Amino acid sequence: WGRLWNKATKPQPVQPKFGVIDSGADMTHPLLKGLKEVKNMTSGENKDDIGHGSWVTSAILYLARWSRNTTHYKAFLDGNATLDDILKSLTQAGNDGNLVISNSWGSDEGDPASPDSLLVQKLASEGHIMVFAAGNAGSGKNTIGSPAIVTYRDSATGAIRVMSVAAADRNKKVAYFSSRGPGSPITEKIQNYPHRPDLTAVGYNIEGAWPAALGDADRTDPVKGPLKAISGTSMSTPEVAGAIKLLAMMFGVTEMGAKLDAIVNAVMSTLEKTGKNSYDEEGEGFLN
């Protein structure tokens, strides 16, 4: 009537490829044990020198706890990146076959025709789901950053493949800093440009992994290790990416295409209209 649940017999979750582009990641941190590798796309040392990259990567892995196939692409040194390093990281993440690429970075210019925006649109057309922080330039209208301002919708599946994410507190009220739509300083001059942001998740005063070497963690949990609570659309973005990763693992999706797009459509169709925020603030709703 029973069976032995060991590694030889227990069903193992599929491991779809996911990518994160950020400031590096501390692979020694307990919350980053599921990280496959860090690829350094910069000329600097392969470490997380500001903590941001470790934090956002831990948020994805915390949602998709059984993940073992996420790659971090270090594009930033001391919080800044050259356009060349951004383009190299996006290209490598695409060439590596990542289904979803999480991006907690961008420019306040909100230019859909910038080189990185055009590359993001190309990757989306190839089937990659590009999750982007909307920006922290709120609270005025038309403050969405780029490449989060980019739009792409697949004509066959109807799925959006560039997801612009706003940030809210735990009470689902959009944070004061979260960039607003309906667009950017550039797209407000373009007639009928698609509305941004797409959706909202928690991104205010929440804890994530913090490199011990930086020495400024808020606290050290005996199991989770050094932690720090920070805020931004950088924090809400990996929640969306992590939710998609968890669903891809649950439903055995390991390739780009209609099944991956169906997951995105499911996420978007189950968003909660909070009644607390405007369309320009929260987009289609709050991540369920």
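**Entry 1. The loop that holds A25**

I began with the terms: helices and strands are DSSP runs, numbered from the N terminus. I noted also that the model is a predicted one. I then looked up the place of A25 and found A25 in the loop between β1 (18–22) and β2 (35–40).

Is A25 buried or exposed? Buried means under 20% relative accessible area. A25 has a relative accessibility of 9%, so I recorded A25 as buried.

I next listed what A25 touches, leaving out residues up to four places away in sequence. The contacts of A25 are L32, L35, V38, D48, S54, T57 and H72. I also checked A25 against G138, which lies 113 residues away along the chain. The C-alpha atoms of A25 and G138 are separated by 28 Å.

**Entry 2. Helices α2 and α3**

I turned to pairs of helices. Two packed helices are described by the angle between their axes and the distance between the axes. Helix α2 covers residues 83–95 and helix α3 covers residues 115–126. I found an angle of about 5 degrees for this pair, with the axes 10 Å apart. Angles under 35 degrees count as roughly parallel, and α2 and α3 are therefore roughly parallel to each other.

Which residues make the contact? On the α2 side I listed L83, I86, L87, L90, T91 and G94. On the α3 side I listed P115, D116, L119, V120 and L123. By class, the contact of α2 with α3 holds eight nonpolar residues, two polar and one charged.

**Entry 3. Helix α4**

I checked the length of helix α4, which has 18 residues (233–250). At 1.5 Å a residue, α4 should span 26 Å, and this agrees with its end C-alpha atoms, which are 26 Å apart.

I then looked at burial in α4. Of its 18 residues, 15 are buried, so α4 is largely enclosed by the rest of the structure. Just after α4, I noted that G252 takes a positive phi of about 70 degrees.

**Entry 4. Helices α4 and α5**

Helix α5 covers residues 258–269. I recorded that α4 and α5 pack at an angle of about 130 degrees, with their axes 10 Å apart. That angle makes α4 oblique to α5. The crossing of α4 and α5 is right-handed.

Where do α4 and α5 meet? I found I244, L247 and A248 in α4 against L260, I263, V264 and V267 in α5. The contact of α4 with α5 has seven nonpolar residues, with no polar and no charged ones.

Definitions and conventions
Residues are numbered from 1 along each chain as its sequence is written. This is a predicted model: local features need pLDDT of at least 70, side-chain atom pairs count only at pLDDT 80 or more; totals for chains, interfaces and linings use all residues. Side-chain values use heavy atoms; hydrogens and water are left out. Helices (H or I, at least four residues) and strands (E, at least two) are DSSP runs, numbered from the N terminus. The expected span of a helix is 1.5 Å times one less than its number of residues. Buried means under 20% relative accessible area, exposed over 50%, partly exposed in between (1.4 Å probe, protein chains only). Axes are lines fitted to C-alpha atoms, for helices over the stretch in contact, and angles run from 0 to 180 degrees between N-to-C directions. Angles under 35 degrees count as roughly parallel, over 145 as roughly antiparallel, 65 to 115 as roughly perpendicular and the rest as oblique. Contact means heavy atoms within 4.5 Å. Ala, Val, Leu, Ile, Met, Phe, Trp, Tyr, Cys and Pro count as nonpolar, Asp, Glu, Lys and Arg as charged, and the others, Gly among them, as polar. A crossing is left-handed if the near helix is turned anticlockwise from the far one by less than a right angle, and right-handed if clockwise.
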